Amino acid sequence: MSKKSTYNFHFIALLVVLLLCFIVNICLGSVNISFVDTLKTLFETATKDSSSYYIIWEYRLPKAITAILVGGGLSLSGLLMQTLFRNPLAGPYVLGISSGASLGAALLIMGTSLFSGAFTFSTFNDITLAIASSLGSFLVLALVLVVAAKVKDTMALLIIGLMFGSITAAIVSVLSYFSKAEKLQQYIFWSFGSLGNLSWAQLLIVALCTIIGIFLSIISIKPLNAFLLGENYAKSLGIGLQKSRYIIIIATGLLAGSITAFAGPIAFVGLAVPHITKQLFHTTDHKIQIPAVLCCGAILMLVCDTIAQLPGSVSVLPINAITSILGAPVVIWLLVRKRKMIF
């Protein structure tokens, strides 16, 4: 079987698994809905005043779509960072973008307690929290872009990004120290990550940012493949290093920043999924890797969200914990089995 046929088979299999995971995710929850009723509701053949219609269209369907966007977006941004820095341990948050979003959320939630009760958290809502997180992430992104214009060494940019993350984390720690207990608890719950708090309007914003990030990644396929062999090789092909670096950083900022702002900081997915896809497809060609990480990331997030829902129970586990518990052993097993990291 040729490589092209093998890739096509893998992608068809991934799409089938993705569809099944999507349907199962919608079916299961505190109230289990049968597969047939789910399909009827999705295709609007069920009555609109039924409880299943409300549960699916107002809660589970947006959450399932959010899981697809979050999983695919974080996985793609992780692939971009691992390629740009040629570091298998790089993830979507190495530039401090997630820490910037966390700082924005911390300033909104905990910072108000430093102003003698002039404001209360009750004046805020999920929209203002998302706006504050977005401003924090894109402020850090702007600083990274400014530094990228001054620094020619990619590894130096990686270290500076990590330092930005350390600074913002330190500020959050100071805010946590002076914050009231209830404010600190609210921030901790936000930091657990959540896929079920997005309205259709917020979901549209995340989808738009994700689509732009994917588009920027697609037009950067040639530079990304060249970066795997080093910047000197990329330069010998006539690729503008500075321009390509800007595009990759902006794509990562849009993907990781918007997702963190609306869904919270979700760990592990962006780091692990690129390694899983490289082991599955045995290639580093980004023409294959970009759609592969989008599919695998979406599948992993849907599976993790389904487990986090604890089907049949009203309790919901933190999505961050499930992504790490489920995904880390898979990556360890793949790397031990192959005995070699493809990069």
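Contact here means heavy atoms within 4.5 Å. The structure described is a predicted model, in which local features need pLDDT of at least 70 and side-chain atom pairs count only at pLDDT 80 or more, while totals for chains, interfaces and linings use all residues. Residues are numbered from 1 along each chain as its sequence is written, and side-chain values use heavy atoms, with hydrogens and water left out.

A word on confidence comes first. The predictor's confidence in each residue, pLDDT, runs from 0 to 100; its mean over the protein is 85, and 91% of the residues reach 70 or more. Among the helices (DSSP runs of H or I, at least four residues, numbered from the N terminus), H13 has the highest confidence in the protein, with a mean of 95, and H14 (residues 319-338) the lowest, with a mean of 78. The pLDDT falls below 50 over residues 118-123, a stretch that has 5 contacts in the model beyond near neighbours in sequence.

Burial is judged by relative accessible area: under 20% is buried, over 50% exposed, and anything in between partly exposed (1.4 Å probe, protein chains only). Of the 23 residues of H11, 18 are buried, so the helix is largely enclosed by the rest of the structure. After H11 comes Gly264, with a positive phi near 90 degrees.

Within H11 (residues 241-263) sits Ser258, which is buried at a relative accessible area of 3%. Leaving aside residues up to four places away in sequence, Ser258 touches Val206, Cys209 and Gly253. A polar atom of the Ser258 side chain also lies 2.5 Å from the backbone oxygen of Leu254.

Thr210, placed in H8, counts as buried at 3% relative accessibility. With residues up to four places away in sequence set aside, Thr210 touches Leu69 and Leu255.

Charged side chains supply another link. The structure holds 1 salt bridge, a term that requires a side-chain nitrogen of Lys or Arg within 4 Å of a carboxyl oxygen of Asp or Glu. Its partners are Lys63 and Asp305, with 2.8 Å from N to O. Lys63 belongs to helix H3 (residues 51-85) and Asp305 to helix H13 (residues 286-308), so the pair ties together parts that are 242 residues apart in sequence. Lys63 counts as buried at 3% relative accessibility, and Asp305 counts as buried at 6%.

Aromatic pairs complete the picture. Rings of Phe, Tyr and Trp (its six-membered ring) pair if their centres lie within 6.5 Å, with planes under 30 degrees apart counted as stacked, over 60 as edge-to-face and the rest as tilted. By this rule there are 6 aromatic pairs. In one of them, the ring centres of Tyr7 and Phe281 are 6.1 Å apart and the planes stand at 40 degrees, so the pair is tilted. Tyr7 lies in helix H1 (residues 3-27) and Phe281 in helix H12 (residues 269-281), so this pair ties together parts that are 274 residues apart in sequence. Both Tyr7 and Phe281 are buried, and ring pairs link Tyr7, Phe11 and Phe281 into a cluster.

Key. Helix = DSSP H or I, 4+ residues; strand = E, 2+ residues; numbered from the N terminus. Polar contact = N/O pair within 3.5 Å; in protein donor to acceptor, adjacent residues only side chain to side chain.
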